[in-house]
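Thanks for coming. I have one structure to go through today, and I will keep to what can be computed from it. Please have a look at the sequence and the model first.

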Amino acid sequence: MKKETERYVRLVSRVFFGIYLLVLVYLMFFAEDWGRTMLEGDYRYNLVPFREISRYLKYHRQIGPWRVFWNLLGNIIGFIPYGALLPAIRKKKTGFFRTALLSFELTLFIEVSQLVLRVGSCDVDDMILNTLGGCIGYGIFRMVFGRRRKEVL
């Protein structure tokens with residue numbers, strides 16, 4: 001890829017990445033339709049891996065398919081852009097493990113912030129699903145742009 005094209009792709013990716021982060025912050029902390037209001041009284045959180053995932057799958061009929069979809073697949077889908085755009089915005093190579101680690105770190109920051117601010121709910125299962133989404137996004141990036149960095153950007 002030519003240098004000019006590389007710079008253009010990186011610039012466009014950075015713009016989309018910035019928009020993505022703004023939307024993510026809004027959905028995680030301010031979207032009242034998603035229950036993102038400051039909570040009074042008892043605050044619910046989950047620190048046991050796979051507890052909420054199992055509960056959603058076990059009680060999917062009572063909970064409703066859309067709620068199950070948005071909680072489980074929504075967490076995965078929500079982080080696919082992060083994993084796909086992260087390697088595109090950096091000049092240095094960003095590999096799978098670095099992308100997975102950065103996806104986990106961002107999710108950890110979001111979940112701890114939700115716990116401290118008492119907005120939404122802090123759930124270790126969200127961290128698992130979001131990190132998985134970031135890894136899937138990285139896989140999509142590699143499938144689209146190829147394996148070698150020189151071919152990509």
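Helices here are DSSP runs of H or I with at least four residues, strands are runs of E with at least two, and both are numbered from the N terminus. Before going on, note that this is a predicted model, where local features need pLDDT of at least 70 and side-chain atom pairs count only at pLDDT 80 or more, while totals for chains, interfaces and linings use all residues. Residues are numbered from 1 along each chain as its sequence is written, and side-chain values use heavy atoms, with hydrogens and water left out.

Back to K3. It counts as exposed because its relative accessibility is 59%. The cut-offs are these: buried is under 20% relative accessible area, exposed is over 50%, and partly exposed is in between, with a 1.4 Å probe and protein chains only. A patch takes residues with over 30% relative accessible area and no salt bridge, joining like charges within 9 Å and nonpolar side chains (Val, Leu, Ile, Met, Phe, Trp, Tyr) within 5 Å.

Now the overall layout. The protein chain has seven helices and two strands, in the order α-β-α-α-α-α-β-α-α. Of its 153 residues, 41% are buried. The accessible surface is about 10,000 Å², and carbon and sulfur atoms account for 66% of that. Those areas come from the Shrake-Rupley method with a 1.4 Å probe; for residues, only the protein chains shown count as cover.

How many salt bridges does the structure hold? There is one. The term means a side-chain nitrogen of Lys or Arg within 4 Å of a carboxyl oxygen of Asp or Glu. The partners are R55 and E52, at 2.6 Å, N to O. Both are in helix α2, residues 51-58, three residues apart, or about one turn of the helix. R55 is partly exposed at 32% relative accessible area, whereas E52 is buried at 10%.

Next, helix α5, residues 96-117, which holds S103. Is S103 buried or exposed? It counts as buried, because its relative accessibility is 0%. Leaving out residues up to four places away in sequence, S103 touches F79, Y82, T131 and G134. Contact here means heavy atoms within 4.5 Å.

F104 is also in α5, and is partly exposed, with a relative accessible area of 35%. F104 belongs to a nonpolar surface patch of about 820 Å², together with Y45, L47, L101, L108, V112, L115, V116 and L117. Helix α5 gives the largest share of that patch, seven residues.

Last, distances along the sequence. For contacts between residues at least 6 apart in sequence, 74% join residues at least 24 apart. Two pairs can be given by their C-alpha distances. M28, in α1, is buried at 12% relative accessibility; M28 and S121 are 93 residues apart in sequence and 9.5 Å apart in space, C-alpha to C-alpha. P81, in helix α4, residues 65-89, is partly exposed at 31%. P81 and I140 are 59 residues apart in sequence, with 9.5 Å from C-alpha to C-alpha.
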